[in-house]
Amino acid sequence: MASDTGIFKMMQWETLIRETVQMGGQLVFLKDKAPVDQDMYLEALLSHFRYEIPFVRRSGADIQSATFRTKATDLILFFEEQGELIDALNSALQGQRLILAKKNFVKTPFVDFVWSDCSLNDWTQVLGSLKQNWKKLPALPQFGEARQAPCLFLDRDDVVVKNVPYNKEAQKVQLLPGIIELINSAHKKGYWVALVTNQSGLGRGWISWKEYQAVHQQMLSLLAEKGAWIDECVWSSFIEEGVPVGNLYAGLRKPRAGMLQMVDEKLHVRMETSILVGDSASDILAGYSAGVGRLYLLSSDKLVKEQASLEEFKKKDPRLQYEWAQTFADIIL
């Protein structure tokens, strides 16, 4: 029978593996310098969790060359024989690092967890206990006051700045009248402020990253001159034409909700009391899909066309509700 200390440690390792999966991560094993019994550890994992716990086995060369990238939510498992690989791969690895050691192992600054005296039997026991409780897993704990703050989501072109199609010249950036006051009012009332913008010019290769950055920084500089700032900025370079760079992350491009979901993951937004301001139907539909409480379609030269698109959508889903704002003064925070 396991001691109280042993039971506590088992619960620790169960929690670490469980939370890795719940956060969308996977277990990452390394091929290099692997002990002869690594396959037995993997077989134990497969026998208990053929589908529920994703895992991969990759070489150090795959990681160093970025053929395979780990994520911050991943758990990288090193056996003690592989300890020296941590230094070699350190700069290329994201994620938490766990050493599976059959003896006492000295923890280093770049190792997060050490499971000392971890035999195959211990590993199997933890997996068995986790499997037994798998369907009873509690939700991940949130920050104590998370999801209390709403967010003001803003499109960029013709909302924050005057639209210059595929702009690559910082000197052409002009803030729209009233945007400073809207952003500052939102911050005073406790809102986050986030920019979510489709930028297919990046995907098409019509704008270089250096040019995009210069335009973006000019926008931020003009805001800063008036004491305004944006808490989070997300952009999507995806385009439908299939240009390789633009093919990445189709789910980010509005009317999909991906960019708003990314903001939510970081800022823990209270979506039902949040506001989105955009000048196109795709902005409004992205906000609707993400569960944003109030949606404002800002007046522009294409207003009639965008309203027609939204009315067509409402024929299929009459739950969509949005408001028309002629100016920023019509937006109620």
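This is a predicted model: local features need pLDDT of at least 70, side-chain atom pairs count only at pLDDT 80 or more; totals for chains, interfaces and linings use all residues.
1. K102 is partly exposed, at a relative accessible area of 37%, where partly exposed covers the range between buried, under 20%, and exposed, over 50%, as judged with a 1.4 Å probe and protein chains only. This residue forms a salt bridge with D37, whose closest N and O atoms lie 3.5 Å apart; a salt bridge here is a side-chain nitrogen of Lys or Arg within 4 Å of a carboxyl oxygen of Asp or Glu. The pair links distant parts of the chain, since D37 sits in the loop between β1 (27-30) and α2 (38-48) and K102 in the loop between β4 (96-100) and β5 (113-115), 65 residues apart.

2. Residues are numbered from 1 along each chain as its sequence is written, and side-chain values use heavy atoms, with hydrogens and water left out.

3. On the overall fold, the protein has 11 helices and 11 strands, both being DSSP runs numbered from the N terminus, with helices (H or I) of at least four residues and strands (E) of at least two. The C-alpha trace spans about 70 × 40 × 40 Å along its principal axes, and 46% of the 333 residues count as buried. Among contacts with a separation of 6 or more, 66% are between residues 24 or more positions apart, a contact meaning heavy atoms within 4.5 Å. The protein exposes about 17,700 Å², of which carbon and sulfur atoms supply 53%, the areas coming from the Shrake-Rupley method with a 1.4 Å probe, and for residues only the protein chains shown count as cover.

4. The structure holds 16 salt bridges, and another of them joins K131 to E52, with the closest N and O atoms 2.8 Å apart. K131 lies in helix α5 (residues 120-132) and E52 in the loop between α2 and β2 (55-58), so this pair ties together parts that are 79 residues apart in sequence. K131 is partly exposed at 34% relative accessibility, and E52 is also partly exposed, at 28%.

5. R156 and D157 meet through their side chains in a salt bridge, at 3.0 Å from N to O. R156 is buried at a relative accessible area of 4%, and D157 is buried at 16%. Elsewhere, salt bridges that share partners join D155, K254 and D283 into one network.

6. Which residues line the largest cavity? The lining consists of R156, D157, V161, K162, V164, N167, K172, V173, Q174, V215 and M219, and so includes both partners of the salt bridge in point 5, because lining residues are those with an atom within 4 Å of a cavity point, a cavity being a set of points on a 1 Å grid over the protein atoms alone where a 1.4 Å probe fits but cannot get out. There is one cavity of 30 Å³ or more, and the largest cavity has a volume of about 60 Å³, the volume being the space filled by probe spheres set on the points, which are joined across faces, edges and corners. The lining divides into five nonpolar, two polar and four charged residues, where Ala, Val, Leu, Ile, Met, Phe, Trp, Tyr, Cys and Pro are nonpolar, Asp, Glu, Lys and Arg are charged, and the others, Gly among them, are polar.

7. L223 lies in helix α8 (residues 209-225) and is buried at 0% relative accessibility. Leaving out residues up to four places away in sequence, L223 touches L175, I180, I183, A228 and I230.

Conventions
On a 1 Å grid over the protein atoms alone, a cavity is a set of points where a 1.4 Å probe fits but cannot get out, and a pocket is an open set with protein on both sides within 12 Å along at least five of seven lines; lining residues have an atom within 4 Å of a point.
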